[in-house]
Amino acid sequence: MHLHAVWLKRDFRWNDHAPLHAAILAASKERQEGQGAGLLVFYVHEPQLWTQPQYSPRHAAFVGESLAAMRQLLPEMPVFAWEGDVLEILQGLHSGTSKFTLYSHEEIGLLWTFERDLAVKEWARKHKVEWREYPYSTVKRGRKTRARWTQEWHAYMHQPQVPSWEAAKVWLETASGEELPRAVRESLGKEWRAPERSEGITQEGGPQRGQAYLRSFLSQRHRTYHLHISKPQESRTSCSRLSPYLAWGNLSLREVYQAYYGQKQQASHRGLTAFGSRLRWREHFIQKFESEHRMEWESVNRGGLDAFFQKDEQRLQRWKDGQTGVPLVDACMRSLCHTGYLNFRMRAMLVSYATHVLRLPWKSVSAHLAQQFLDFEPGIHYPQLQMQAGVTGINTVRIYNPIKQAQEHDPQGNFVALWVPELAHIPMPLRHSPWKATALEAEVLDLSDYPAPMVDLEESMREARKALYQAKRSPEARKEAERILAMHVQGR
Ligand SMILES: Cc1cc2nc3c(=O)[nH]c(=O)nc-3n(C[C@H](O)[C@H](O)[C@H](O)COP(=O)(O)OP(=O)(O)OC[C@H]3O[C@@H](n4cnc5c(N)ncnc54)[C@H](O)[C@@H]3O)c2cc1C
């Protein structure tokens with residue numbers, strides 16, 4: 001039997017799935033021609049990947065729920081989930097069949113997954129196994145320039161979705177009862193059991209949930225999107241909240257784009273337009289990361305911008321624990337750790353506070369954030385982190401003042417009161433800057449449960465601004481900036 005095996009990575013869906021579609025078409029053709037052909041859909045939970053510092057149990061729970069949701073959608077289609085080394089599992093599958101073809105998406109991931117894919121490639125070559133890899137949406141491996149990127153992106157988004165869902169249903173209707181060869185069944189690895197989702201995380205994995213978020217956003221929630229996008233509390237309902245569904249591939253970006261476009265044609269709205277641009281940014285960043293993936297471990301600009309930052313374990317720990325003494329920063333961190341979500345501006349502010357005010361290197365904050373973000377996507381995470389830390393040399397250095405952010409986006413102090421209950425009884429505006437309390441106020445209001453800030457905010461921001469602007473103007477940093485612009489920016 002020729003086994004067509006579809007390896008799920010971060011693409012847990014049936015619809016618009018090019019590798020799945022190709023596998024079904026090839027297997028169906030062979031079946032019609034009277035040849036034995038089998039289809040296998042599998043996921044491998046690789047223990048080594050899951051010990052990488054960016055990954056956490058909340059991600060594994062989301063993957064487990066996504067697999068369960070796929071099984072619920074097509075109960076007759078077995079979806080295997082094994083725990084173990086992918087090469088050993090592939091070897092087992094290969095030796096149990098007369099012919100074996102592997103199908104998957106290209107993974108735009110960490111160095112670890114890139115090296116694992118090189119090992120799989122080598123294994124496939126050695127064993128004369130064909131591995132058909134399909135691009136991740138519009139992101140191209142080895143792209144050298146951005147010429148025509150936007151046109152290509154739009155053209156792809158307007159192409160019909162790959163009808164893999166329909167093909168899977170037809171495959172199952174015409175199933176002739178062929179089972180997987182015994183040898184394959186016997187070679188199956190240890191079944192993987194996903195952890196439970198923690199209580200604070202309300203977003204459950206799976207394409208059905210992703211669709212529900214998409215529908216509710218397009219029908220109603222987008223109306224307040226542009227108004228609430230930066231507000232830590234209101235953004236939780238006014239933003240789409242599609243990021244985990246896109247990051248783990250429960251929805252394809254094209255599926256989301258086409259639903260958005262259809263809605264926009266019917267009733268255009270400012271909120272919708274703002275959302276549409278972000279869908280494009282998503283792949284702009286992932287392409288950037290794919291073209292220069294060393295940004296996982298070193299600053300993209302090699303012109304000496306890192307000199308400003310200093311390791312400090314105590315500062316880092318207090319930042320991670322939401323105990324910096326700056327209320328909005330702590331509220332954001334605590335909320336993120338509990339719920340897995342934070343809007344864009346508040347993420348940027350957490351990074352800015354850590355790197356500019358506390359002077360922590362971006363590398364020391366990246367893994368903690370990745371673990372907390374339910375939507376951790378390496379291709380967005382690293383370019384954004386570096387951009388917000390001010391180490392790209394091509395972007396304006398944005399130093400977020402947490403007091404100003406609090407006044408603008410949490411004017412009543414409700415978000416702070418919710419996540420920093422030690423301050424809920426402190427009147428406004430003092431709740432946002434309790435260190436400004438006079439000695440009498442501090443005694444009367446009892447501020448003893450909340451720490452004092454680690455550094456002087458104003459002074460630290462001033463120093464950071466001066467140092468980072470100066471470093472950015474150095475000839476080395478400028479030369480690097482030219483190179484980066486040529487590689488990642490259109491029209492260069
Ligand atoms: C330091 C930092 C790290 C980040 N890490 C991640 C990450 O690991 N995964 C992730 O999905 N997003 C990341 N973002 C981008 C952004 O904050 C989230 O995509 C967004 O907040 C998710 O919420 P939403 O789905 O409601 O987004 P919406 O505002 O509704 O946007 C819709 C979709 O567009 C994409 N998008 C939105 N904003 C951006 C952006 N600035 N850049 C690229 N794509 C965007 C996302 O896929 C998002 O789901 C990061 C931002 C910062 C500042």
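Domain bounds here come from an automatic or database domain assignment. Keep that in mind at the first stop, the shell around the ligand, which draws at least three residues from each of domain 2 (207-291) and domain 3 (296-488).

Two notes before you start. Residues are numbered from 1 along each chain as its sequence is written. This is a predicted model, in which local features need pLDDT of at least 70, side-chain atom pairs count only at pLDDT 80 or more, and totals for chains, interfaces and linings use all residues.

**Stop 1: the ligand**

Select the ligand and its surroundings. A residue is near a molecule if its C-beta atom, placed from the backbone, lies within 6 Å of it. There are 27 residues around the ligand, and C239, S240, S243, R278 and F344 come nearest. Now colour the helices (DSSP runs of H or I, at least four residues, numbered from the N terminus). α11 (243-247), α13 (270-291), α16 (344-357) and α18 (378-389) each supply at least two residues of the shell. Which helix gives the largest share? It is α13, with six residues.

Next, colour by residue type. Ala, Val, Leu, Ile, Met, Phe, Trp, Tyr, Cys and Pro count as nonpolar, Asp, Glu, Lys and Arg as charged, and the others, Gly among them, as polar. The shell divides into 15 nonpolar, six polar and six charged residues.

**Stop 2: domain 1 against domain 2**

Zoom out. The chain is divided into domain 1 (2-191), domain 2 (207-291) and domain 3 (296-488). The centres of domain 1 and domain 2, taken over C-alpha atoms, are 26 Å apart. Their contact (C-beta atoms, placed from the backbone, within 7 Å) takes 21 residues from domain 1 and 20 residues from domain 2. On the domain 1 side, α2 (57-73) and α5 (149-158) are the elements that give two or more residues. α2 gives the most, with five. That side divides into 10 nonpolar, five polar and six charged residues.

**Stop 3: the sheet**

Show the strands (DSSP runs of E, at least two residues). Two strands pair if DSSP finds at least two bridges between them. Look for an open sheet of six strands, in the order β5-β4-β1-β2-β3-β6, with mixed pairing. The edge strands are β5 and β6 (190-191), and each pairs on one side only.

Select β1 (residues 2-8). Six of its seven residues are buried, that is, with 20 or more other C-beta atoms within 10 Å of their own; exposed means 12 or fewer, partly exposed lies in between, and C-beta atoms are placed from the backbone. Seven bridges join β1 to β2 (residues 37-45), and the two run parallel. Find A5: it stands opposite L40 in β2.

Move to β4 (residues 99-105). It pairs with β5 in the parallel sense over five bridges. The bridge partner of Y103 in β5 is R132.

**Stop 4: helix α3**

Select residues 86-95. Which residues of α3 are buried? They are V86, I89, L90, L93 and H94. These cover an arc (of the directions from the helix axis to the C-beta atoms) of only 135°, which puts them on the same side of α3.

**Stop 5: two loop residues**

Pick H127, in the loop between α4 (111-126) and β5 (130-134). H127 counts as exposed because it has 12 C-beta neighbours inside 10 Å.

Finish with K140, in the loop between β5 and α5. K140 is partly exposed, with 15 other C-beta atoms within 10 Å. K140 and E290 are 150 residues apart in sequence, yet 7.8 Å apart in space, C-alpha to C-alpha.

Terms used:
Two residues are in contact if their C-beta atoms, placed from the backbone, lie within 7 Å.
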